[in-house]
Amino acid sequence: MSSKVRVATMWFSGCSGCHMSFLDLDERLIEFAELAELVYSPIVDPKEIPDGIDVALIEGTVNTTEQLEHLREIREKAKIVVAFGDCAITGNVPSMRNPSPRDEVLRTVYGRGDIPGLRAGDVPALLPRARPLQEHVKVDYYIPGCPPDADRIWKFIVTLIKEGKPRLEGEEIRFG
Amino acid sequence: MITLKLDGREVQAKKGQTILEVALENGIRIPTLCYLEGLSPKGTCRLCLVEIVNQNGKLVPACVTPAEEGLEVVTHSDRLAQIRRTIVEMLFLERNHICAFCVSNGHCELQDLAVELGMDHVTLPYRYPGLAMDLSHGGFGLDHNRCVVCGRCVRACSEVEGAFTWGFAGRGIDTMVATDLGTPWGLSETCTSCGKCVQACPTGALFEKGMATAAQIKSPEIIREVTERRPRVF
């Protein structure tokens, strides 16, 4: 087991499409399971971010105080951080709220009074703006696409695990 | 004829040709955005910058610089790649380009440039400005969020259609394209609804109404075709 690469995935503000695309690896998931161990992810059980992560794939943009804490934590615990999909790289759809003031957005949706999202409590506070990963922490690699298709993801993962320094190019880096 | 060097290769040019035209004739691709065949070149986007080796590596926009005898031009280098990538990064972060649900997704010259120049992320902070749309016209729409202010619509409208509906308003980073000095497009008295501006637009900023995501496929080459049949007056 110890020879396997320890992979984590995270899901911030995004539609989960990148994770769906990851599951679209289909039968390649069996080969993935031989090469890597999924130690933390929305699709496995552990609730705490473990130490000693080799690669963290992060879907979604950084939208809340909790996501920002998790991003900083996983950056400390992971050797390689990968921005996984357009939301993580550009802000994409969740960034559509950015031109409007945060409180105005929250009030429009939740109304008056002590509404969720204004300050961190049971529900995390919404950050002033949804911003991509690289505006908060050092990001090592980028997998563009909304969502990145399974072939893109597979090429990236296999190259990273077997050879190191994956390089997506041409149509593989197209946004959208 | 003029003789000059492009990337170390001797090539022939006619007097009056630009460096970009000579490069195209010789099969050398130089990235462009504000340039469109059939319209007057303006050299504003700076993507076609090339280095003049025998002028201390001076950077000049290829689309507006005449080919001259003895010029040694470099069209691709690490320095130029870095400059061009930064320009495309700044075009992306300046407004709200959200490819995933844009009408031009997959058929966009800005998106194509990011692919060509290897831009998989931007290295500067996004601005996320609050920008409006103009949907007052019956057939077409304008989304400032997706506009790169290349001015191709402005030139197509004035130089080819002769309507002079489109112009620029504001200065610097606040520059916006505008119809009839800021009148809503649908109330414009000069617009002929010819649609050349939409076809000339490289992104999803100008689009045909009713288009779904990724459905807007444009034909900017019609500008060249029209001007071949009916030469521009100016």
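Predicted model: local features only at pLDDT ≥ 70, side-chain atom pairs only at ≥ 80, totals over all residues.
Local features need pLDDT of at least 70, side-chain atom pairs count only at pLDDT 80 or more, and totals for chains, interfaces and linings use all residues. Residues are numbered from 1 along each chain as its sequence is written, while chains are lettered from A and ligands numbered from 1 in the order in which they are written.

Helices (H or I, at least four residues) and strands (E, at least two) are DSSP runs, numbered from the N terminus. In chain A, helix α6 covers residues 150–162. Buried residues (20 or more other C-beta atoms within 10 Å of their own, C-beta atoms being placed from the backbone) in α6(A) are A:Arg152, A:Ile153, A:Phe156, A:Ile157 and A:Leu160. Seen down the axis, their C-beta directions fall within an arc of 120 degrees, so they line one face of the helix. Their cover (C-beta atoms within 7 Å) includes α1, α2, β3 and β7 of chain A. A:Gly164 follows α6(A) with a positive phi, near 75 degrees.

In chain B, helix α3 (residues 109–116) buries B:Glu109, B:Leu110, B:Gln111, B:Leu113 and B:Ala114. Helix α2 (78–94) of chain B is among the elements covering them. B:Gly118 follows α3(B), and its phi is positive, near 70 degrees.

Strands β3 (49–52) and β4 (58–61) of chain B pair (at least two DSSP bridges) in the antiparallel sense over four bridges. B:Ile52 stands opposite B:Lys58.

Definitions and conventions. Expected span 1.5 Å × (residues − 1). Buried ≥ 20, exposed ≤ 12 C-beta atoms within 10 Å, placed from the backbone. Contact = placed C-beta atoms within 7 Å.
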